[in-house]
Amino acid sequence: MRPLKLIMSAFGPYAGQTVIDFSQLGEQGLYLITGDTGAGKTVIFDAVSYALYGQTSGGVRDANMLRSQYADADTPTFVELEFSFRGKCYRVKRNPEYRRPAKRGTGMTKEKAGAELYYPDDRVPVTRISEVDKSIVELLGLNHKQFTQITMIAQGQFRKFLDTNTDERSKIFRDLFHTYFFQQLQDKLKQDAAAKRNEFAEQQRRSEQALNGISCIYPAYTEQLQSFALRHYEGCVEEVLTLVDTITALDEKEQQQVAAAAAIVTKNLTALQDSLGAIAKKQQLEKYMQTTEAKMVSMQKQLEQEAAAAVQRQEALQKLEAEVNEAQKGEVELAQLQTERQQLAARQRELLQLQDMQQRYQRQEVVLLQKRQEYKQACDNFNHLNELSDTCFDRFLSAQAGLLAHDKLKPGKPCPVCGSCEHPQPVQLAQDAPTENDVEQARAKAEAAQKIRDGLIGEGKALKEHLELDKTLLLGKGVELLGCDDLKLIAERAQAELKDVNNKITALRLKMGFLQEKVEQYRKLAKTLEQQKAVDKQAEAAAQSIRQQLAGAEGQLQELKKQLAEQNELLTDVDEQKLQQEHEKLLVQQRELELQDKRLYAAIKNNQRIKQEVSGYEARRAACEAEYSLINSLSATLNGTLTGKKRVNLETYVQMHYFDKILQRANVRLLHMSRGQYELCRDKMQDADSKTGNSKTGLDLEVKDYYSGNLRSVKTLSGGESFMASLALALGLADEVQSCAGGIQLDTMFVDEGFGSLDDSSLQQAIATLQGLSEGHRLVGIISHVHDLQEMIDKKILVRKKRGQQGTGSEVALVVD
């Protein structure tokens with residue numbers, strides 16, 4: 001990826017729109033980003049990072065805080081980057097969320113964050129932030145963290161990386177090379193080992209708890225169980241389970257003896273219960289007989305009462321039927337009156353309709369007369385206005401000579417009519433002469449009056465035709481209803497007949513009201529009659545049911561007497577009191593044997609359950625012990641906690657592999673920059689010596705001095721030597737991260753600060769190393785304000801602060817010699 005053009009608008013310290021054309025810097029070599037402190041040199045890389053990934057380079061600047069504090073309120077905030085990748089040009093544009101003036105009305109509104117990615121072909125641009133993020137990662141093959149690690153070498157951060165210990169360096173490698181998986185594996189094994197240890201202890205606890213519940217009634221065995229419990233059953237579980245089998249066998253033998261004794265008692269109880277049952281049956285039969293006889297007496301009394309009530313109901317029904325027949329006559333007469341009323345109502349509607357037609361005809365006659373009067377007035381108005389219009393026009397024509405003399409005749413100029421240049425007696429313009437506008441207004445009034453008159457002619461004609469039609473209909477209806485074709489006679493006869501019909505309807509209404517009450521009385525009586533018949537029918541059914549029950553009770557009574565006689569024969573010479581005493585004694589024996597059997601059964605089942613549970617607990621405990629031994633050994637190995645071994649866990653071991661490769665890449669550059677004096681080495685002696693303690697080892701760093709032949713701590717390096725070592729380490733780390741990202745080659749790189757601590761010779765070596773990075777069509781940008789670099793590097797991006805009439809903020813200028 002190579003940046004071609006960067007546009008920053010109201011971004012960071014850049015108040016307006018700032019354009020950086022990277023294409024002017026060429027395709028390879030070094031260029032310097034220099035200028036005032038705090039002017040925004042590193043912001044340039046932040047803008048590139050934000051345009052691609054929506055995040056700044058170091059994570060210090062939040063994307064929502066990127067709007068320039070120097071920008072005008074109307075200036076939009078965005079970053080737009082044109083870049084090339086594999087020979088094709090792309091364009092990406094982003095803006096953060098910020099506040100801006102509302103386009104409508106007053107006040108501020110929120111501008112939402114946005115992103116756009118444009119392809120070099122005809123593909124539709126991507127306009128959603130999440131899709132742009134995904135497309136950039138798919139296109140470049142790098143996520144934001146990998147991109148910043150490869151393209152931005154921040155010396156201050158790598159100086160910390162140079163001086164840190166194994167623990168801190170391990171955390172850095174975890175993010176760079178994603179070794180957290182190995183850490184998770186270590187933690188998972190440690191958790192699994194602890195879980196297995198807890199499960200082993202839980203199975204042991206459950207086994208002890210179960211064994212404490214053994215049931216035993218034998219003193220000798222109880223003492224043995226107590227001695228085992230005092231030892232928490234350690235090493236004697238099998239012996240205890242054997243003792244449980246012995247106790248269970250004794251309980252089962254005693255249970256068999258109890259069952260045999262219970263069988264004998266049950267047999268004796270059955271014989272006694274048969275005798276007692278016969279006595280109870282005799283007593284029950286005697287009770288049934290008494291109950292049946294009392295029931296029969298009650299049913300007989302009910303039948304007698306029902307017979308008397310039936311006679312009374314029949315008399316009431318006959319009287320009620322006579323009343324219903326009498327009241328029914330009024331219903332027939334009411335129906336006849338209703339028919340007569342319907343006929344009168346129909347005649348009434350027809351007469352009322354005829355009256356409505358006649359009244360409508362009379363109203364239309366009045367309207368027609370009014371229209372005729374309006375027409376006469378309109379004719380008079382039109383004649384008057386038309387006469388005024390003609391008069392006005394004549395006066396207008398008469399005044400034309402005066403107008404001509406007033407406007408056209410000038411002394412010494414020819415007359416437009418006769419051509420004479422002398423005008424001894426020109427016509428004088430009348431003072432009240434109408435104008436052309438007056439003529440037009442008078443004519444317009446006459447035409448409007450004419451339209452009103454013509455309109456009234458049409459309305460009058462339509463009203464007359466409609467009146468003639470209504471008259472024809474009215475006469476036809478009068479002939480149909482009254483046999484009369486005279487309008488006056490029709491009105492008189494209709495009025496008289498309508499009055500007669502109304503009187504008849506009033507009389508019928510009174511008569512029907514009286515009959516309606518009689519009909520309502522009939523309906524109530526009919527309903528009551530039906531209810532009484534239903535009651536009578538139900539009473540008869542109830543009486544029939546009682547008679548059937550009485551017959552059944554008589555047969556049942558005869559059967560009870562027969563059974564009672566048979567029971568008396570069976571119970572001759574039987575002492576009921578003696579049988580009851582013997583029965584109570586056997587019941588007590590039976591309950592005691594049942595309780596003893598239940599106790600033995602519960603003890604046997606309890607001990608069998610305990611043996612089964614404990615056997616399962618012991619089997620699982622043995623399995624847990626074996627698994628714990630294996631997992632704990634593996635966890636100790638991977639977590640570096642084996643006794644007598646060096647404390648290097650699996651994650652650190654993997655990171656040591658990456659660290660060795662990083663050092664191998666870094667030393668190629670460090671040996672060159674230090675003229676063969678220094679080489680970075682991983683402290684392997686400390687790995688071999690650190691076999692105890694809590695601190696991790698394996699990633700500690702030391703430097704080999706070939707001039708003295710000694711190994712020493714990197715903390716003993718001078719400032720310039722530390723810079724060269726950290727630069728080499730940073731470049732080696734960037735190469736390794738790039739290699740782990742699939743060997744992706746980026747055509748640009750930034751190196752931020754740190755050159756001020758170098759002497760001239762070391763600076764020359766560092767620049768030569770960076771020149772080597774720029775080979776193969778790679779641009780390397782150095783962010784620094786060291787003066788010597790400005791003389792050594794021709795291509796520059798100058799960043800300056802400005803504060804004056806042109807505004808406040810920062811500005812950028814390209815210098816390409």
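Modeller: On a 1 Å grid over the protein atoms alone, a pocket is an open set of points with protein on both sides within 12 Å along at least five of seven lines, whereas a cavity is a set where a 1.4 Å probe fits but cannot get out; lining residues have an atom within 4 Å of a point. Grid points are joined across faces, edges and corners, and the volume is the space filled by probe spheres set on them. The model is predicted, so local features need pLDDT of at least 70 and side-chain atom pairs count only at pLDDT 80 or more, while totals for chains, interfaces and linings use all residues. Residues are numbered from 1 along each chain as its sequence is written, and side-chain values use heavy atoms, with hydrogens and water left out.

Biologist: What volume does the second largest pocket have?

Modeller: Rolling a probe the size of a water molecule over the atoms shows where empty space is left. The second largest pocket has a volume of about 290 Å³. It is lined by 17 residues, and P76, T77, Y98, R100 and E111 are the closest to its centre. Strands β5 (88-95), β6 (98-101) and β8 (114-118) each give two or more residues to this lining.

Biologist: How many cavities of 30 Å³ or more are counted?

Modeller: The count is 1 cavity of 30 Å³ or more. The largest cavity has a volume of about 60 Å³. Its lining consists of Q204, S207, E208, L211, H232, Y233, E234, V237, E618 and R621. The elements that contribute two or more residues to it are α6 (180-211) and α12 (576-639). The largest share, 4 residues, comes from α6.

Biologist: How many helices and strands does the protein have?

Modeller: Helices (H or I, at least four residues) and strands (E, at least two) are DSSP runs, numbered from the N terminus. Here there are 17 helices and 16 strands.

Biologist: What share of the residues is buried?

Modeller: A residue is buried under 20% relative accessible area, exposed over 50% and partly exposed in between (1.4 Å probe, protein chains only). Buried residues account for 38% of the 817 residues. The accessible surface of the protein (Shrake-Rupley method, 1.4 Å probe) is about 47,600 Å², and carbon and sulfur atoms hold 50% of that area. As for contacts (heavy atoms within 4.5 Å), 73% of those between residues at least 6 apart in sequence join residues at least 24 apart.

Biologist: In which order do the 5 strands of the open sheet stand?

Modeller: Strands of a sheet pair through backbone hydrogen bonds, either parallel or antiparallel. Two strands count as paired if DSSP finds at least two bridges between them. In this sheet the order is β2-β1-β4-β5-β8, with antiparallel pairing. Strands β2 (14-21) and β8 form the edges, each pairing on one side only. Neighbouring strands are turned by 10° against each other on average, direction ignored.

Biologist: Over how many bridges do β4 and β5 pair?

Modeller: Strand β4 (residues 78-85) and β5 pair antiparallel over 7 bridges. E80 stands opposite K93, and E82 has R91 as its bridge partner. The two strands form a hairpin with 2 residues between them, and R86 in the turn has a positive phi of about 55°. On to β8: β5 pairs with β8 in the antiparallel sense over 5 bridges, and the partner of K93 in β8 is E116.

Biologist: Which strands does α2 lie across?

Modeller: Axes are lines fitted to C-alpha atoms, for helices over the stretch in contact, and angles between N-to-C directions run from 0 to 180 degrees. Helix α2 lies across β4, β5 and β8, running at about 40° to β8.

Biologist: Is S135 buried or exposed?

Modeller: S135, a residue of α2 (residues 129-140), is buried, with a relative accessible area of 15%. Leaving aside residues up to four places away in sequence, S135 touches L117, Y119 and V126.

Biologist: Which 3 strands form an open sheet with antiparallel pairing?

Modeller: They are β10-β11-β12, in that order. The edge strands are β10 (678-682) and β12 (710-713), each pairing on one side only. The twist averages 35° from one strand to the next. Helix α13 (residues 650-673) packs on this sheet and touches β10 and β11, its direction making about 175° with that of β10. Strand β11 (residues 701-705) pairs with β12 over 4 antiparallel bridges, and K704 stands opposite L711 in β12.

Biologist: Why is β3 largely enclosed by the rest of the structure?

Modeller: Strand β3 (residues 29-35) is largely enclosed because 6 of its 7 residues are buried. It runs parallel to strand β14 (residues 779-783), to which 5 bridges join it. The bridge partner of I33 in β14 is I783.
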